[in-house]
Amino acid sequence: YFLALVYINIIWVLNVAKLTCILYPFRARLRSQNTGYILAASMWLFSNIYPLQNAAMRRTVYFDYRSYRCANLHTPDEWEWLDPLNTLIFFLTPNIIVVVTTVWLLVYTNKCAAIHNPAVMATLR
């Protein structure tokens, strides 16, 4: 449950990093290893917000064996507006970022493949 948030955040950060490395290859050499450590640590900290909200609001989640789903034992009134907001921020936005950067990468590589067709590449060798 908690690790899924970390994984999706790490995936979108890696996707954006890959896209920036391909679009700006000379700027990619400027990144240091410390930048990667800071990004990974910030994604771990960012992923702690949602579970900490659950703990602070004393929202109890248990597994219901009748329906095979996670269910909420007690839901305070704040969750009626906080739950859709959290879903948008923590689950929907990273998935949208992954899809957009993947499509951008595919379009960019198709353009590069069309520019550098195999016949031209063979004459350059």
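This is a predicted model: local features need pLDDT of at least 70, side-chain atom pairs count only at pLDDT 80 or more; totals for chains, interfaces and linings use all residues.
Q: What share of the residues of the chain counts as buried?
A: A residue is called buried when its relative accessible area is under 20%. The chain has 125 residues, and the share of them that counts as buried is 18%.

Q: What percentage of the accessible surface of the chain belongs to carbon and sulfur atoms?
A: The accessible surface of the chain comes to about 9,500 Å². The part of this surface that belongs to carbon and sulfur atoms is 68%.

Q: What percentage of the contacts with a separation of 6 or more comes from residues 24 or more positions apart?
A: Contact here means heavy atoms within 4.5 Å. Among the contacts in the chain with a separation of 6 or more, residues 24 or more positions apart account for 67%.

Q: Is N9 buried or exposed?
A: N9 has its place in helix α1. Its relative accessibility is 1%. The limit for buried is under 20%, so N9 counts as buried.

Q: Which residue's side chain is joined to that of N9 by a polar contact of 2.9 Å?
A: Not counting residues up to four places away in sequence, N9 touches M43, F46, S47 and P94. The side chains of N9 and W12 are joined by a polar contact of 3.0 Å. The polar contact of 2.9 Å joins the side chain of N9 to that of S47.

Q: Is T101 buried or exposed?
A: T101 is found in helix α4, which covers residues 79-115. Its relative accessible area is 6%. Because buried means under 20%, T101 is buried.

Q: With which side chain does the side chain of T101 make a polar contact?
A: A polar atom of the T101 side chain lies 2.9 Å from the backbone oxygen of I97. Apart from neighbours within four places in sequence, T101 is in contact with N15, V16 and L19. The side chain with which that of T101 makes a polar contact, at 3.1 Å, is that of N15.

Q: What distance separates the C-alpha atoms of L23 and L105?
A: L23 has its place in helix α1 and is partly exposed, with a relative accessible area of 23%. Not counting residues up to four places away in sequence, L23 touches W104 and Y108. L23 and L105 are 82 residues apart along the chain, and their C-alpha atoms are separated by 9.0 Å.

Q: What is the area of the nonpolar surface patch that includes L88?
A: L88 has its place in helix α4 and is partly exposed, with a relative accessible area of 44%. The patch is made by W81, L85, L88, I89, L92, I96, V100 and W104. Its area is about 760 Å².

Conventions. Residues are numbered from 1 along each chain as its sequence is written. Side-chain values use heavy atoms; hydrogens and water are left out. Helices (H or I, at least four residues) and strands (E, at least two) are DSSP runs, numbered from the N terminus. Buried means under 20% relative accessible area, exposed over 50%, partly exposed in between (1.4 Å probe, protein chains only). A polar contact is a pair of N or O atoms within 3.5 Å; within protein, one must be able to donate a hydrogen and the other to accept it, and residues adjacent in sequence count only if both atoms are side-chain atoms. Accessible areas come from the Shrake-Rupley method with a 1.4 Å probe; for residues, only the protein chains shown count as cover. Patches are made of residues with over 30% relative accessible area and no salt bridge: like charges are joined within 9 Å, nonpolar side chains (Val, Leu, Ile, Met, Phe, Trp, Tyr) within 5 Å. A salt bridge is a side-chain nitrogen of Lys or Arg within 4 Å of a carboxyl oxygen of Asp or Glu.
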